[in-house]
Every structure is written in structure tokens, then in C-alpha cells.
Amino acid sequence: MKKTILVTGGTGFIGSHTTVELQAAGYDVVIVDNLSNSNADVVDGIEQISGIRPAFYKVDCCDLPALEDVFKKHPDICGIIHFAASKAVGESVEQPLKYYENNLVSLINLLKIMPVYGVKGIIFSSSCTVYGQPDPEHLPVTEEAPIKKAESPYGNTKQINEEIVQDYVKSGAPISAILLRYFNPIGSHPSGIIGELPNGVPANLIPYITQTAIGIREQLSVFGDDYDTPDGSCIRDFIYVLDLAKAHVAAMARIVEGKNTEPVEIYNVGTGNGVSVFELLNTFEKCTGVKVNYKVAPRRAGDIEKVWGNVDKANNVLGWKAVHTLEEALSSAWNWQKKLRERGIM
């Protein structure tokens, strides 16, 4: 019998791609999403790619009774992948309470429900922001690197949520968890049917680049060119969203098959390579042939100077590795933007 996985935030960027990969791996998927930063039409796109329509409920994970109704309708849910969260660093600095309420309560509600409905395990969508700005000797950053004071309320919610999961499991709760600390997901499904489409002005770099390149946005702002990096711009580890989605499938298999050796396991999910914002822009222009109108703006509150990951643990223990190039990821993002234009969406 197929195993059923609940994907919260499943119509979002990473959630939708992970749903497709879960279905390809033989899982049934139930999606809950409040559509605060996505669109229900994404479910049609998932079905178009996979030939399977996941169950979908417009539910806010902060609404405990509504969330519990989903588990009553699907008592066979055996695992959860929790993506649903507010995720913009800059906005979190401006609206911290929104981030603390949404990101903490949604996780707590899921953890409350799990033992009641016999759900085995949860994969928590964490972030490299938990490392803060690693000291130079800790780059590339490993899972054992010190957790530093977060640079933003968003980053702090990820740190607190990791602690909540660990404390809950330590208390004897009959669940296991995998915390995936990922770096910067980019790109889109190669079909061009699903991709990153935030509501309103994008907070993430790649959709802002593609929207500027196609003429929707007038100009891209690069926040800071005076960092202590080779070209002065921030350095990140950019991972293709399909590779990231497959990491979630590998982690879920580890949980449902009982292969995890610890009740809480932590993995970095990235490419292991640091790329600067200017390098990213240059690569985008080379692989698409399109110039991007950008300007250098002052540094943005909450931004980390440089971080990229050591991903040996995920490679060796999960048996997962990022295989796509930066060029492939950026080309797919541009393909997605052009498809949106063809469909008259933007």
C-alpha cells in the first residue's frame, strides 16, 4: 500500500517540486496551504507533470481544529514535510511578530497532532540561517558548526523551531525528525509548468532577476558591494530546487523505512560551492543572453555576508547529492519566466 505524506506549504515553490518528486517515488501526497504566498492553480500544474492530483486543503497550519480535520480525513498519513512558513529575511525584520506567530505556532500544532494520529516522523524545512555568520574557519559550514545568534527574526524562528523539535523528541514523544538545513533554492521544473511565483514583489533574488530581465521590474537592487568577499557582494550556496526536492524524498524514505539512527537527525542540503551575487548575475546573463538592469544599493538588515555548506553528511548518509549545475538552474528559471509570459500571467 502506498504511504501518504502530508506536505504543508505544498503549493509553494519548494513544496510543489517536492510533491512531484514524492509522487514519482510512489507516495500519495496530501497538501495543506493557506495560499498566503502561492496559488491553488499550482495543484493543476503538479497533476499535469505527474498525472496524479494530490489532495489539497486550503488550511492555515496555525488553525489547529482545521489542521486536525485534515488528519481525520486522512488517517493514513505517516509522515509530514513541513514547509509552511513566512520566509522573507527583510520582512521579518519589519514584522517580527508575524514571523514568530506563524512559524512557531504552525510547527507546534503539527507536533501536537502527530502522536494522536500515529504519525511516524516529520521533516522540518530549516535553513542555513541558523548558523548566522560562520567564522572563516567554519566555512564551508558543517552541521557541527556553532549555532550563532540569528541575524534576523526569520533566522531566529528556524533556530527556535529546531530547538522545539529536539526538546519535544527528547521529552519522549513517539516521533522522529529530520532537520534539513538548506541553502538557497533556485530554478524551476524543467517542464516550465511549476516554478517560483511569489505573490506581489519577490523577496527572493532569482524571481526578481527574471522579472527584471523580462521587463516586469525596472531594476534589481544588489544589496551591498562592500562585503569582505572577492567582488564585494554576498556569497551564497545556490541549489537547484529539483535537487533539493529529491533530498526531501531521501530523508522521508529514511524515516518511513526506519533507517534513521537518531531520533533527530540534521543535514545540510546544498551544493558545497559558494557563489557571489555578482557571479550569479554574470552566469544568468551568459546562459540566457539577456542583460539585467541592476544597481548597487545599501546593505540590507539581516543579511549574512557569506555562507556555503559542507554537504558530506547528506551525500554519505542520505545517499543524496546535488547533481545539477548553476547554469541548468538559472536556465530553468528563465524558461519558467518566459512560460509565465506566454500564459499571460506576468
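Colleague: Let's start with T8. Which residue does T8 stand opposite in β2?

Modeller: T8 stands opposite V32 in β2. Strands here are DSSP runs marked E of at least two residues, and helices are DSSP runs marked H or I of at least four, numbered from the N terminus. One word on the source: this is a predicted model, where local features need pLDDT of at least 70 and side-chain atom pairs count only at pLDDT 80 or more, while totals for chains, interfaces and linings use all residues. Residues are numbered from 1 along each chain as its sequence is written, and side-chain values use heavy atoms, with hydrogens and water left out.

Colleague: Thanks. How many bridges join β1 and β2?

Modeller: Five bridges, in the parallel sense, pair β1 with strand β2 (residues 28-33). Two strands count as paired if DSSP finds at least two bridges between them.

Colleague: And is β1 buried or exposed?

Modeller: β1 is mostly covered, with five of its five residues buried. Buried means under 20% relative accessible area, exposed means over 50%, and partly exposed is in between, using a 1.4 Å probe and protein chains only. Both faces are covered: T4, L6 and T8 are buried on one side, and I5 and V7 on the other.

Colleague: What order do the strands of the sheet follow?

Modeller: Seven strands form an open sheet with parallel pairing, in the order β3-β2-β1-β4-β5-β6-β11. The edge strands, β3 (55-58) and β11 (264-269), each pair on one side only. On average, neighbouring strands are turned by 20° against each other, direction ignored. Further along, strand β4 (residues 77-82) pairs with β5 in the parallel sense over four bridges, and I81 has I123 in β5 as its bridge partner.

Colleague: Which strands does helix α8 lie across?

Modeller: Helix α8 (residues 241-256) lies across β1 (4-8), β4, β5, β6 (176-182) and β11, and runs at about 165° to β6. Axes are lines fitted to C-alpha atoms, for helices over the stretch in contact, and angles run from 0 to 180 degrees between N-to-C directions. Contact means heavy atoms within 4.5 Å.

Colleague: New topic: how many aromatic pairs are there?

Modeller: A search of the whole structure finds three aromatic pairs. One of them is F71 with Y117, which is tilted, at 5.7 Å centre to centre and 35° between the planes. Rings of Phe, Tyr and Trp (its six-membered ring) pair if their centres lie within 6.5 Å; planes under 30 degrees apart are stacked, over 60 edge-to-face, and the rest tilted.

Colleague: Where do F71 and Y117 lie in the chain?

Modeller: F71 is in helix α3 (residues 64-73), while Y117 is in the loop between α5 (96-116) and β5 (121-127), so this pair links distant parts of the chain, 46 residues apart. F71 is buried, at 1% relative accessible area, whereas Y117 is partly exposed at 22%. There is also a pair made by F278 and Y294, with centres 6.0 Å apart and planes at 45°, so that pair is tilted. F278 belongs to helix α9 (residues 277-288) and Y294 to strand β13 (residues 294-297), so the pair ties together parts 16 residues apart in sequence.

Colleague: Which charged residues sit over rings?

Modeller: The charged end of R299 sits over the ring of Y227, 4.0 Å from its centre. K313 lies over the face of Y267, at 5.0 Å from the ring centre. For this, NZ of Lys or CZ of Arg must be within 6 Å of the ring centre and within 35 degrees of the ring normal.

Colleague: Last one: where is the cis peptide bond at P140?

Modeller: The cis bond runs from L139 to P140, with omega near -5°. P140 lies in the loop between β5 and α6 (153-170).
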